[in-house]
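Below are some notes for a colleague who is new to reading protein models. Please keep the sequence and the structure open while you go through the points.

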Amino acid sequence: VLHTFTIPAGTLHTNGMGVKITGKTRYAANNNQKNSDVFFSTTSFGQGGSGADTNAKSELFEHTIIRKTATTVRWRGESLIYDSSTLKLYAANSIYDDFDDTIANMDSTAIVIYISAYSGAAAANDIINDEFVITML
(Lines give C-alpha, C1' and ligand atoms only; values in the text may rest on other atoms or scores of the structure.)
Protein backbone atom coordinates (compact mmCIF):
# COMPACT_ATOMS: atom_id res chain seq x y z
CA VAL A 1 0.00 0.00 0.00
CA LEU A 2 1.49 3.33 -1.11
CA HIS A 3 -1.00 5.72 0.54
CA THR A 4 -4.10 5.30 2.68
CA PHE A 5 -6.85 7.56 4.02
CA THR A 6 -9.78 6.64 6.25
CA ILE A 7 -13.15 8.40 6.12
CA PRO A 8 -14.90 7.98 9.49
CA ALA A 9 -18.29 6.25 9.51
CA GLY A 10 -21.14 8.68 8.93
CA THR A 11 -19.02 11.33 7.16
CA LEU A 12 -20.73 10.74 3.80
CA HIS A 13 -24.15 10.76 5.48
CA THR A 14 -26.30 12.22 2.70
CA ASN A 15 -27.00 10.85 -0.78
CA GLY A 16 -25.08 12.93 -3.32
CA MET A 17 -22.06 13.48 -1.05
CA GLY A 18 -18.78 12.03 -2.25
CA VAL A 19 -15.05 12.23 -2.69
CA LYS A 20 -12.66 12.98 -5.52
CA ILE A 21 -9.36 11.08 -5.57
CA THR A 22 -6.56 12.48 -7.74
CA GLY A 23 -2.95 11.57 -8.01
CA LYS A 24 0.16 10.62 -9.91
CA THR A 25 2.16 7.40 -9.84
CA ARG A 26 5.60 6.88 -11.42
CA TYR A 27 6.85 3.59 -12.84
CA ALA A 28 10.57 2.79 -13.22
CA ALA A 29 12.29 2.12 -16.53
CA ASN A 30 13.00 -1.61 -16.20
CA ASN A 31 11.60 -4.98 -17.29
CA ASN A 32 9.68 -5.62 -14.06
CA GLN A 33 5.89 -5.89 -14.28
CA LYS A 34 4.42 -2.76 -12.61
CA ASN A 35 0.76 -1.98 -11.79
CA SER A 36 -1.32 -0.04 -9.26
CA ASP A 37 -4.97 0.12 -8.15
CA VAL A 38 -7.04 2.67 -6.25
CA PHE A 39 -9.47 1.19 -3.70
CA PHE A 40 -12.61 2.68 -2.14
CA SER A 41 -13.69 0.31 0.62
CA THR A 42 -13.12 -3.09 -1.00
CA THR A 43 -13.70 -2.02 -4.61
CA SER A 44 -10.73 -1.55 -6.91
CA PHE A 45 -10.53 0.73 -9.90
CA GLY A 46 -7.84 -0.96 -12.00
CA GLN A 47 -5.38 1.83 -12.65
CA GLY A 48 -3.16 0.06 -15.08
CA GLY A 49 0.56 0.60 -14.93
CA SER A 50 3.47 0.24 -17.26
CA GLY A 51 3.62 -3.55 -17.46
CA ALA A 52 7.12 -4.76 -18.27
CA ASP A 53 7.87 -1.71 -20.40
CA THR A 54 11.44 -0.44 -20.14
CA ASN A 55 10.42 3.22 -20.57
CA ALA A 56 9.84 5.36 -17.48
CA LYS A 57 6.17 6.34 -17.19
CA SER A 58 3.88 8.47 -15.05
CA GLU A 59 0.21 7.72 -14.50
CA LEU A 60 -2.30 10.48 -13.81
CA PHE A 61 -5.63 9.50 -12.32
CA GLU A 62 -8.87 11.05 -11.13
CA HIS A 63 -11.79 9.18 -9.59
CA THR A 64 -15.08 10.56 -8.26
CA ILE A 65 -17.17 8.42 -5.93
CA ILE A 66 -20.69 9.67 -5.11
CA ARG A 67 -23.01 8.18 -2.49
CA LYS A 68 -26.31 6.95 -3.95
CA THR A 69 -27.49 5.17 -0.77
CA ALA A 70 -25.78 4.11 2.47
CA THR A 71 -24.53 0.98 0.67
CA THR A 72 -24.30 2.05 -3.00
CA VAL A 73 -21.90 4.43 -4.71
CA ARG A 74 -21.43 5.69 -8.26
CA TRP A 75 -17.80 5.52 -9.38
CA ARG A 76 -16.42 7.57 -12.29
CA GLY A 77 -12.78 7.58 -13.15
CA GLU A 78 -10.07 8.35 -15.67
CA SER A 79 -6.50 7.15 -15.91
CA LEU A 80 -3.84 8.30 -18.37
CA ILE A 81 -0.19 7.27 -18.80
CA TYR A 82 2.58 9.61 -19.89
CA ASP A 83 5.66 8.00 -21.47
CA SER A 84 8.61 10.31 -20.77
CA SER A 85 10.82 8.75 -23.44
CA THR A 86 8.34 9.09 -26.32
CA LEU A 87 6.55 12.16 -24.90
CA LYS A 88 3.18 10.48 -25.53
CA LEU A 89 0.04 10.43 -23.38
CA TYR A 90 -2.25 7.42 -23.73
CA ALA A 91 -5.09 5.58 -21.98
CA ALA A 92 -4.28 3.19 -19.17
CA ASN A 93 -6.38 -0.01 -18.79
CA SER A 94 -9.53 2.09 -18.82
CA ILE A 95 -9.42 5.76 -19.75
CA TYR A 96 -12.91 6.28 -18.38
CA ASP A 97 -15.20 4.08 -16.33
CA ASP A 98 -18.61 4.72 -14.84
CA PHE A 99 -20.31 2.11 -12.65
CA ASP A 100 -22.38 1.53 -9.52
CA ASP A 101 -20.97 -0.54 -6.68
CA THR A 102 -22.27 -1.99 -3.42
CA ILE A 103 -20.12 -1.37 -0.33
CA ALA A 104 -20.38 -1.79 3.44
CA ASN A 105 -22.87 0.57 5.09
CA MET A 106 -20.95 3.85 5.18
CA ASP A 107 -23.25 5.27 7.87
CA SER A 108 -21.86 2.72 10.35
CA THR A 109 -18.55 1.62 8.79
CA ALA A 110 -15.40 3.66 8.15
CA ILE A 111 -14.28 3.72 4.51
CA VAL A 112 -10.63 3.15 3.70
CA ILE A 113 -9.32 4.70 0.49
CA TYR A 114 -5.91 3.54 -0.64
CA ILE A 115 -3.58 3.02 -3.58
CA SER A 116 -1.90 -0.35 -3.82
CA ALA A 117 1.06 -1.26 -6.01
CA TYR A 118 2.02 -4.68 -7.23
CA SER A 119 4.67 -5.99 -9.55
CA GLY A 120 6.33 -9.17 -10.66
CA ALA A 121 10.00 -9.15 -9.68
CA ALA A 122 9.81 -5.87 -7.82
CA ALA A 123 12.85 -3.73 -7.21
CA ALA A 124 13.17 -0.77 -4.88
CA ASN A 125 11.40 2.31 -6.30
CA ASP A 126 9.72 0.42 -9.17
CA ILE A 127 6.44 2.15 -8.27
CA ILE A 128 6.28 5.52 -6.52
CA ASN A 129 3.08 7.42 -5.78
CA ASP A 130 3.92 11.15 -5.81
CA GLU A 131 0.41 12.51 -5.25
CA PHE A 132 -2.71 11.13 -3.59
CA VAL A 133 -5.28 13.82 -2.86
CA ILE A 134 -8.72 13.21 -1.34
CA THR A 135 -11.25 16.03 -1.75
CA MET A 136 -14.63 15.87 -0.03
CA LEU A 137 -17.51 16.83 -2.33
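**Notes on the charged pairs and the nonpolar core**

1. Leaving aside its neighbours within four places in sequence, Asp130 is in contact with Lys24 and Arg26, where contact means heavy atoms within 4.5 Å. Please bear in mind that this is a predicted model, in which local features need pLDDT of at least 70 and side-chain atom pairs count only at pLDDT 80 or more, while totals for chains, interfaces and linings use all residues. Residues are numbered from 1 along each chain as its sequence is written, and side-chain values use heavy atoms, with hydrogens and water left out.

2. Asp130 has its place in strand S9, residues 127–136; helices (H or I, at least four residues) and strands (E, at least two) are DSSP runs, numbered from the N terminus. Although Asp130 and Arg26 are 104 residues apart in sequence, their C-alpha atoms are 7.2 Å apart in space.

3. How many salt bridges does the count come to? The count comes to five, a salt bridge being a side-chain nitrogen of Lys or Arg within 4 Å of a carboxyl oxygen of Asp or Glu. In one of them, the side chains of Arg67 and Asp107 meet at 2.7 Å, N to O. Arg67 lies in strand S5 (residues 57–69) and Asp107 in the loop between strand S7 (88–102) and strand S8 (111–119), so this pair ties together parts that are 40 residues apart in sequence. Arg67 is buried, with a relative accessible area of 8%, whereas Asp107, at 36%, counts as partly exposed.

4. Asp100 deserves a separate point. Asp100 forms a salt bridge with Lys68, with the closest N and O atoms 2.8 Å apart, and this pair links distant parts of the chain, since Asp100 is in strand S7 and Lys68 in strand S5, 32 residues apart. The side chain of Asp100 also meets that of Arg74 in a salt bridge (2.7 Å, N to O); here the link runs from strand S7 to strand S6 (residues 72–83), across 26 residues. Elsewhere, salt bridges that share partners join Lys24, Arg26 and Asp130 into one network.

5. Turning to the nonpolar side chains, the largest nonpolar core has 18 residues, and Val19, Ile21, Phe40, Ile111, Ile113 and Phe132 are those with the most contacts inside it. Such a core is a set of buried Ala, Val, Leu, Ile, Met, Phe, Trp, Tyr and Cys residues joined through side-chain atoms within 4.5 Å. Strands S2 (18–27), S3 (34–40), S5, S6, S8 and S9 each supply at least two residues of this core, and the largest share, three residues, comes from S8. Not counting residues up to four places away in sequence, Val19 touches, among others, Phe40, Ile65, Ile113 and Ile134.

Note on methods
Buried means under 20% relative accessible area, exposed over 50%, partly exposed in between (1.4 Å probe, protein chains only).
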